[in-house]
Amino acid sequence: MTAEPGTIPEPSGPVRVRVRVPAKINLHLSVGPRRDDGFHGLATVYQAISLYDELTAEDADDLTLTVRGEGAEDLPTGRRNLAVAAARALAGRLGVPPRVRLTLTKRIPAAAGLAGGSADAAAALVACDALWQAGLSRAALEEIAAGLGSDVPFLVGGGTALGTGRGEAVSPVLATGRWHWVVAVADGELSTPTVYAELDRLRDAGEQPVESAAGPADRVLAALRGQDPRALAGALANDLAPAALSLRPALRRTLAAGTEEGALAALVSGSGPTCLFLAATREAAAGLAARLAGHGVCRTLHLAHGPVPGARLTD
Ligand code: C5P
């Protein structure tokens, strides 16, 4: 029997979706010379870690964003917010009006070298793609993501990946096992362009090699396959670290405190000022974090593991 016309409900999409998105760290960050477009050519190994922002996207008449959580009062809620920019970019690509109410719960600090803003852009792409039932492929989302920021394509996929170009060209990397990190968030922020500009200044002044000091990523890639935290500890490298330390000399104390307390490795996360410590096990990471708390060398400490998936729907 067929139903009377008009009695079949219109197929309708979800009215509300929720996405969880991780922070990123760079296990290897090799920075080439400044390019003509102002960006630097990179070879980087990204890893997504279990420190998450959450974004809810709901049907609405227009585009709004509410932010709560870590540093919410200092974040823009208009077009300068990357989640808003991402929703607009996706709507533009689909040729639909950007009608969505976004609610963001921050745990990843902004301007901390953890790609907190980029994570929110990746979350908004995945959330709006689901809300608007666009069904875009991961490749299509990554293409839009590349227009929003160098780290955004990685945070769509997550895991562990090699990033080239300005960081936006990502390909997955085989990483077995689970890596344990203590994430030491510093007081205050460091702006990414300022840190890159400081690296250029140090290079121009002859205080840093003009070519990458970190070199190729081979050792990190081999260590990731081998599941040996000590091998990974010896291979971690970040060309932005001297620039971040030049702008924030106090980070040397943070790194030294981690090493003193038994971290297998201590490194600046991306452009900083967050510092990362590698531990052999979750228990070792918890002990390290507890001891580090007594040093007063950072604002907050988080335990995290990686790799974890990128921006994903949670209900
Ligand atoms: O791509 P994203 O918006 O995150 O970049 C922010 C800034 O960081 C750029 O405007 C540029 O100054 C610097 N940057 C760079 N080289 C890269 C990535 C970022 O110089 N590969």
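This is a predicted model: local features need pLDDT of at least 70, side-chain atom pairs count only at pLDDT 80 or more; totals for chains, interfaces and linings use all residues.
I took a salt bridge to be a side-chain nitrogen of Lys or Arg within 4 Å of a carboxyl oxygen of Asp or Glu. Residues are numbered from 1 along each chain as its sequence is written, and side-chain values use heavy atoms, with hydrogens and water left out.

Entry 1, salt bridges. I searched the whole structure and recorded eleven salt bridges. One of them joins E54 to R18, with the closest N and O atoms 3.3 Å apart. I placed E54 in strand β2 (residues 40–58) and R18 in strand β1 (residues 16–34), 36 residues apart; helices (H or I, at least four residues) and strands (E, at least two) are DSSP runs, numbered from the N terminus.

I noted R34 as exposed, at 54% relative accessible area, and D200 as buried, at 16% (buried is under 20%, exposed over 50%, partly exposed in between; 1.4 Å probe, protein chains only).

I recorded D37 with R35, the closest N and O atoms being 2.7 Å apart. I also noted a network of salt bridges linking D53, K106 and D120.

I counted zero disulfides, a disulfide being a pair of cysteine sulfur atoms within 2.5 Å. For C275, the nearest cysteine sulfur is that of C298, 8.3 Å away.
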